[in-house]
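Dear colleague,

I am passing on the structure below, together with an account of what was found in it. Please read the notes with the sequence and the model side by side.

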Amino acid sequence: MTAFFAFVCVFLALTALVASEAEEVLSAVISLSVFGVLMAMVFVILQAPDVALTQAVINSGLVTSFFLVAYSQTQKPNLLEQKQDIGDGQ
Amino acid sequence: MGLLLLCLGIGWWLWKGVAAMEDPEFIIGPAAYYIINTAEETGAANIVAAILFDYRGIDTLGEASVIYTTVCGVAMLFSKSKYKRSSAGLSFIARRGVSFLVPFLLLYGSAIILMGHMTPGGGFQGGAVFATVTILLCIVFGSSFEMSRIKPKTKETIESLGGLFFVFLGGVGLLAGAGFLANTAAGFPRGQVGNFLSAGAIPLLNIAVGMKVGAGLSTIFYSMVRVLELEFGEQMSEVEGNDKN
């Protein structure tokens with residue numbers, strides 16, 4: 001059990017690093033979702049099932065979808081360039 | 001480099017703390033009191049639910065009002081105008097699969113809310129499951145489907161009713177002369193520990209919080225998606241206009 005716990009903890013740190021350092025926003029969001037699921041597993045191992053339920057539902061369900069909505073609402077840099085190109089062409 | 005060392009040091013410290021938690025002699029103070037007395041005083045088998053809705057009920061009311069304020073703010077910020085277009089949704093296979101899954105998800109959410117005083121879970125978690133179901137419906141069936149089935153007005157009504165129900169249950173304790181949000185002291189039946197009908201007002205408070213959280217989080221998602229649809233439509237019409245030119 002301790003070995004599994006240690007494995008989950010190391011993987012947790014890795015996903016957190018990817019979420020904070022990834023260049024692409026989408027990879028960061030997905031990595032954050034994986035982070036949430038692993039966090040829920042850690043809470044189960046630490047015998048906090050209430051917090052684990054909240055963590056699993058909120059982080060992998062709601063937070064991910066909110067981030068994806070926010071991502072698709074904001075303007076992407078390449079889309080901006082395309083628009084400028086169209087403007088130049090006219 | 002120094003930052004990395006700091007992180008590693010704090011991580012090691014946390015690891016040692018977690019390892020020490022298994023020792024029963026670390027259960028002291030309020031924790032020991034709750035473990036010994038919760039079942040007798042409230043009738044709830046889930047100590048966390050008993051603390052949330054009985055011992056610290058007014059804190060939970062504060063949390064619920066924080067969510068209410070957030071929903072009001074988001075809905076006000078994003079309440080531009082009605083949109084006409086709807087996202088197309090996913091394929092036939094995804095639609096059939098999700099319509100098989102949704103009843104079970106609803107059952108799961110209800111079970112989490114209704115059995116919050118016995119098993120892990122409660123109003124907040126179950127409400128979040130309900131909100132996730134509506135988001136799933138929006139993604140798979142397109143956004144106008146869910147809007148036509150459950151009107152945004154209905155959601156707002158459900159949320160406000162949940163909040164009012166919570167305060168009303170608190171007021172019952174006040175009327176009985178036992179203080180705001182009093183549970184067994186206000187005359188709610190304690191029941192047998194572990195039974196479905198037990199723990200006095202805790203299941204009712206769970207239902208109230210579930211209504212609030214489910215409707216509230218769903219409202220936040222829908223007000224954000226509505227603006228998304230609007231702006232996407234504008235961008236598309238702009239692109240089409242450029243193509244014509």
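The expected span of a helix is 1.5 Å times one less than its number of residues, and helices here (H or I, at least four residues), like strands (E, at least two), are DSSP runs numbered from the N terminus. By that rule the 25 residues of α3(A) should span 36 Å, and the end C-alpha atoms of α3(A) lie 35 Å apart, which agrees.

Before going further, please note that this is a predicted model, in which local features need pLDDT of at least 70 and side-chain atom pairs count only at pLDDT 80 or more, while totals for chains, interfaces and linings use all residues. Residues are numbered from 1 along each chain as its sequence is written, and chains are lettered from A and ligands numbered from 1 in the order in which they are written.

On confidence, the model scores ipTM 0.74 and pTM 0.78. Chain B averages a pLDDT (the predictor's confidence in each residue, from 0 to 100) of 79, with 85% of the residues scoring at least 70. Within chain B, the mean is lowest in helix α7 (residues 143-149), at 70, and highest in α5(B), at 88.

Chain A

Chain A has 4 helices and 0 strands, and of its 90 residues 19% count as buried, a term that here requires 20 or more other C-beta atoms within 10 Å of the residue's own, with exposed meaning 12 or fewer, partly exposed in between, and C-beta atoms placed from the backbone. Two residues are in contact if their C-beta atoms, again placed from the backbone, lie within 7 Å; among contacts in chain A between residues at least 6 apart in sequence, 43% join residues at least 24 apart.

Returning to α3(A), this helix bends by about 35° at I58(A), the bend being the angle between axes fitted to the seven residues ending at a position and the seven starting there. I58(A) is itself among the buried residues of α3(A), which also include D50(A), L53(A), V57(A), G61(A) and S65(A). In the loop between α2 and α3 of chain A lies Q47(A), which has a positive phi of about 60° although it is not a glycine. Q47(A) counts as exposed because it has 9 C-beta neighbours inside 10 Å.

Chain B

In chain B there are 9 helices and 0 strands, and buried residues make up 33% of its 245 residues. Of the contacts in chain B with a separation of 6 or more, 73% are between residues 24 or more positions apart.

Helix α6(B) has 19 residues and reaches 27 Å from its first C-alpha to its last, close to the 27 Å expected. Because 17 of those 19 residues are buried, α6(B) is largely enclosed by the rest of the structure. After α6(B) comes G142(B), whose phi is positive, near 90°.

The core and the contact between the chains

A nonpolar core is taken as a set of buried Ala, Val, Leu, Ile, Met, Phe, Trp, Tyr and Cys residues joined through C-beta atoms within 7 Å. The largest such core has 49 residues, and F166(B), A208(B) and F221(B) are among those with the most contacts inside it. The elements giving two or more residues to this core include α2 and α3 of chain A as well as α6 and α9 of chain B, and the largest share, 13 residues, comes from α9(B).

Leaving aside residues up to four places away in sequence, A208(B) touches G123(B), G162(B), F165(B), F166(B) and L169(B). F221(B) lies in helix α9 of chain B and is buried, with 21 other C-beta atoms within 10 Å. With the same exclusion, F221(B) touches S65(A) and F66(A) as well as A131(B) and I135(B); the C-alpha atoms of F221(B) and I135(B), 86 residues apart along the chain, are separated by 7.3 Å.

The contact between the chains takes 21 residues from chain B and 16 residues from chain A. On the side of chain B that touches chain A, α6 and α9 of chain B are the elements giving two or more residues, and the largest share, 8 residues, comes from α9(B). The residues on that side divide into 14 nonpolar, 6 polar and 1 charged, where Ala, Val, Leu, Ile, Met, Phe, Trp, Tyr, Cys and Pro count as nonpolar, Asp, Glu, Lys and Arg as charged, and the others, Gly among them, as polar.

With best wishes
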